[in-house]
Amino acid sequence: MTTATSTAADQGEPEVVVLPDGEAASATAARRIAAALSTAVAARGVAHWATTGGSTPGPIYRALATSPLREAVAWDRVHVWWTDDRFAAPDGPLSNSRDCRALLLPNVSIPDAQVHAMPVGEALERGQPAAWAAARYAEALRAGAVPLNPAGFPILDVVLLGIGGDGHLLSVFPGSATWDDPAWAQAVPAPTHIEPHVERVTLHPRILEAARLPIAVAHGAGKAGIVGRIFGERRDPRELPALLVRRPGAVWILDEAAAVLLPPYLGRASMA
Ligand code: 6PG
C-alpha cells in the first residue's frame, strides 16, 4: 500500500495522510485511534475518546472490532463520548450512537458505565427538549473528570470527525450560534440547508481546540470540493468550522479521491 504523509506542522498545518481508497483510509484511522487510546492509557490510566455520527465511522468501528486492534487496546480503560447527536430515537437510523453500539461495543470490553451516549432517548421519553439533553451531557462530562485546558474546556484524548459538505463538523454549521454560548454541550436548531433536518445536540466547537488528537476522515470524490476549500485560503472557522482542525496536532486522513484539490505541499510531501 502506498501512503503519502506531510510533515507540515512547522507551517501551521495538520498532518495529512492520503491513502489509495476509503477502505485504506478507514483502516488507517482505526490504527491511529487505537494507538492514541493506548498512549492515553499508558500516560494517564484512562482514555477519553469522542466519536462522531454520519457514515464515516462505520468501517472504522469494524476495523477496531477486529484483530489485531481488538486486542491492542485496554478497552476497559476507555471512555466513549459523542461529538454530537440528532434529536431522534437512539435505535433509529438517524442516531449517531447506533453504529458504535452495533459494530464496536459488542466486540470490545468497554464497561457500560464508560459509554456516554448523549441522553437523547431519555429526553424524548420524558418529553424534555434537546437543551435538557445538552445540559445533562455537559454534567456527565464534568462528572467524567476529564482534564481541562486553560480556557476551561475538557481535553479529550482522541476526537474522530467526519466533515460535512458545507464544512461543518460536530453539529456546528457555518454561522453557528454555538460559539457565543460557553456551555460544553448545546442544543442546535434543525439545519435547513443540510439533511437530516432534525434538531441536534453538539459539543462546543472550542472542545476541538482543547483535544489532544482530532482525527478528521474524509473519503470519496464527493468530499473533494470541501476538502479543497478547507485547505484553501484560511478564513474564520465560524464560516467554515472544519478549519478548527486545520492545525498542528490534528490529523487528516483522506483517500486519493477526496484529496484531488489538496494543495501540492500537503499530503504529497513524503512517502511513508
Ligand atoms: C452528523 C455528524 C456530522 C458528520 C458529517 C459527515 O450528525 O451528521 O456528526 O458532523 O460527521 O456530516 O458525515 P458523513 O460521515 O456521513 O460524511
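In this briefing, Ala, Val, Leu, Ile, Met, Phe, Trp, Tyr, Cys and Pro count as nonpolar, Asp, Glu, Lys and Arg as charged, and the others, Gly among them, as polar. By these classes, the shell around the ligand holds two nonpolar, nine polar and four charged residues. The model is predicted, so local features need pLDDT of at least 70 and side-chain atom pairs count only at pLDDT 80 or more, while totals for chains, interfaces and linings use all residues. Residues are numbered from 1 along each chain as its sequence is written, and side-chain values use heavy atoms, with hydrogens and water left out.

**Ligand surroundings**

- The ligand is surrounded by 15 residues (a heavy atom within 4 Å), and the closest are Thr56, Asp84, Arg86, Leu170 and Lys223.
- Polar contacts are pairs of N or O atoms within 3.5 Å; in one of them, a ligand oxygen is 2.7 Å from an N or O atom in the side chain of Arg86.
- An oxygen atom of the ligand also lies 2.8 Å from an N or O atom in the side chain of Asp84, and one is 2.8 Å from a polar backbone atom of Ser55.
- Of the 420 Å² of accessible area that the ligand has on its own (Shrake-Rupley method, 1.4 Å probe), the protein covers 88%.

**Largest pocket**

- The ligand sits in the largest pocket, meaning that more than half of its atoms lie within 2 Å of the grid points.
- A pocket is an open set of points on a 1 Å grid over the protein atoms alone where a 1.4 Å probe fits, with protein on both sides within 12 Å along at least five of seven lines.

**Backbone features**

- Ser67 and Pro68 are joined by a cis peptide bond with omega of about 5°.
- Glu195 and Pro196 are likewise joined by a cis peptide bond, with omega of about -10°.
- Ala145 is not a glycine, yet has a positive phi of about 55°.

How values were computed
A polar contact is a pair of N or O atoms within 3.5 Å; within protein, one must be able to donate a hydrogen and the other to accept it, and residues adjacent in sequence count only if both atoms are side-chain atoms. On a 1 Å grid over the protein atoms alone, a cavity is a set of points where a 1.4 Å probe fits but cannot get out, and a pocket is an open set with protein on both sides within 12 Å along at least five of seven lines; lining residues have an atom within 4 Å of a point.
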